[in-house]
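Please look over the sequence and the model below before reading on.

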Amino acid sequence: MSLGTLIGILVGLALFLQAIFLGTDQYGSFLHPPSLLMVIGGTIAATFIAYNERYAMQALKAFGSIFTKTKVDQKILFQDVEKIIGWGEIMNTGGLRELQEKFDEKENENHIIKFAMEMVFMGEKSDVVYKETENLIETMHERNNIVVEVLETMASFAPAFGMIGTLVGLVILLNNMADPAALGTGMSIALITTLYGVLFANLLLKPASKKISQKNSMYLYKDRLILEGIAMLPEKKHPMLIQNHLNSFLDPAHHFDVAGK
C-alpha cells in the first residue's frame with residue numbers, strides 16, 4: 001500500500017469537508033447524486049468516445065495502481081547491479097555455457113531480462129542486444145504512457161461536465177423565476193456540479209496521471225540500467241568495468257563495490 005497516496009487523498013477530502021462543516025450547517029446541500037452522476041458518468045462516457053475501449057478500460061484499472069508502492073528503489077537497483085555483475089564474473093571466467101547453466105529461470109519473469117538474455121545465449125553481439133532490447137523498452141514505455149494520456153484527458157473532461165451541470169441548473173433556475181423559493185435550489189444545483197467536476201479532476205484524476213507517469217519513469221530507469229549491464233556480457237567485460245559503468249547510474253551513496261563483497 002502506498003501510504004503517501006492514501007494520506008494525500010484523505011487529507012484532501014478532510015480539508016474539503018472541514019471547509020463545509022465550518023462554513024455551514026446545511027451539509028445536505030453539498031450532496032447531490034444527480035450532479036455527481038453527471039460528472040463521473042459524463043467523464044467516463046466521453047473517455048470511451050475519445051479512446052479505444054481497451055485503453056479506456058486500462059486507464060480505469062490503472063487508477064487503482066496508484067495505491068500500490070512502486071517496486072523500484074535504491075535497494076532493488078543495487079540488487080540488479082549485483083546480479084548483473086555476478087553474471088559478468090561467470091561470463092568472464094566460465095564463458096557462455098556456464099552462464100546458461102547457472103542462470104536462474106525465475107529471472108525470466110522480468111520481460112526485459114528474458115528478452116535480452118535470450119539474445120545473449122544465442123551468441124548475439126552487444127550492439128544487437130542493446131539495440132533490440134532498447135526498442136522493446138521504448139515501445140513498452142510508450143504503451144504504458146497511453147494510460148497517463150487518458151487520465152489527463154479525463155481530468156479535462158470532468159470540469160467540462162461540471163459546467164454542463166451548471167448550465168442545467170441555470171435553466172432550472174430561469175424556468176422558476178416566478179417562484180423565489182425555487183431559485184436557491186436551482187443555483188445550488190448549478191454550483192455543486194462545477195464543484196464536483198473541479199474536485200474530481202484536481203484531487204483524483206490529475207494526481208493519478210502524475211503518479212502513474214512517475215511510476216513509468218522509475219520502471220524505465222530500472223529497465224535501462226538492466227539493459228546497460230546485460231549488453232556488456234557478450235563482450236566478456238571485466239566485472240570491475242561492468243560495476244563502474246552501472247554505478248554511474250546510481251546514487252553515489254549506493255554504489256556497488258565488488259571488492260567489498
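Among contacts in the protein chain between residues at least 6 apart in sequence, what percentage join residues at least 24 apart? The share is 78%, where contact means heavy atoms within 4.5 Å. The model is predicted, so that local features need pLDDT of at least 70 and side-chain atom pairs count only at pLDDT 80 or more, while totals for chains, interfaces and linings use all residues. Residues are numbered from 1 along each chain as its sequence is written, and side-chain values use heavy atoms, with hydrogens and water left out.

The protein chain holds 9 helices and 0 strands; helices (H or I, at least four residues) and strands (E, at least two) are DSSP runs, numbered from the N terminus. The order of elements from the N terminus is accordingly α-α-α-α-α-α-α-α-α.

The overall dimensions come next. The C-alpha trace of the protein chain spans about 90 × 40 × 25 Å along its principal axes. Its radius of gyration is 27 Å, whereas a compact globule of 261 residues would be near 18 Å. That radius is taken over C-alpha atoms, and the globule rule is 2.2 Å times the number of residues to the power 0.38. The protein chain exposes about 14700 Å², of which carbon and sulfur atoms supply 62%; accessible areas come from the Shrake-Rupley method with a 1.4 Å probe, and for residues only the protein chains shown count as cover. Of the 261 residues, 36% count as buried. Buried means under 20% relative accessible area, exposed means over 50%, and partly exposed lies in between (1.4 Å probe, protein chains only).

Now to the pockets. Rolling a probe the size of a water molecule over the atoms shows where empty space is left. On a 1 Å grid over the protein atoms alone, a pocket is an open set of points where a 1.4 Å probe fits, with protein on both sides within 12 Å along at least five of seven lines; lining residues have an atom within 4 Å of a point. Grid points are joined across faces, edges and corners, and a volume is the space filled by probe spheres set on the points.

The largest pocket has a volume of about 590 Å³. Its lining consists of 20 residues, and N110, H111, Y219, K222 and D223 lie nearest its centre. Four helices, α4 (74-93), α6 (111-121), α7 (126-175) and α8 (180-230), each supply at least two residues of this lining. Sorted by class, the lining has 7 nonpolar, 6 polar and 7 charged residues. Here Ala, Val, Leu, Ile, Met, Phe, Trp, Tyr, Cys and Pro count as nonpolar, Asp, Glu, Lys and Arg as charged, and the others, Gly among them, as polar.

The second largest pocket contains about 310 Å³ of space. It is lined by 13 residues, with L13, F16, L36, Y196 and L199 closest to its centre. By class, this lining has 13 nonpolar, no polar and no charged residues. Helices α1 (3-23) and α8 each supply at least two of its residues.

L204 sits in helix α8. Its contacts, leaving aside neighbours within four places in sequence, are I9, F63 and L199. L204 and G12 are 192 residues apart along the chain, but their C-alpha atoms are separated by 9.7 Å. L204 is partly exposed, with a relative accessible area of 23%.

From G169 to E89 the C-alpha distance is 71 Å, and the two are 80 residues apart in sequence.

The loop between α8 and α9 (239-247) contains K236, and H238 lies in that loop too. K236 has a phi near 55 degrees, a positive value in a residue other than glycine. K236 counts as partly exposed because its relative accessibility is 44%; for H238 the value is 42%, so H238 is also partly exposed.

Helix α9 includes M240 and N247. M240 is partly exposed at 34% relative accessible area, whereas N247 counts as buried at 7%. N247 touches H255 and F256, not counting residues up to four places away in sequence. The C-alpha atoms of M240 and D257, 17 residues apart along the chain, are separated by 8.7 Å.
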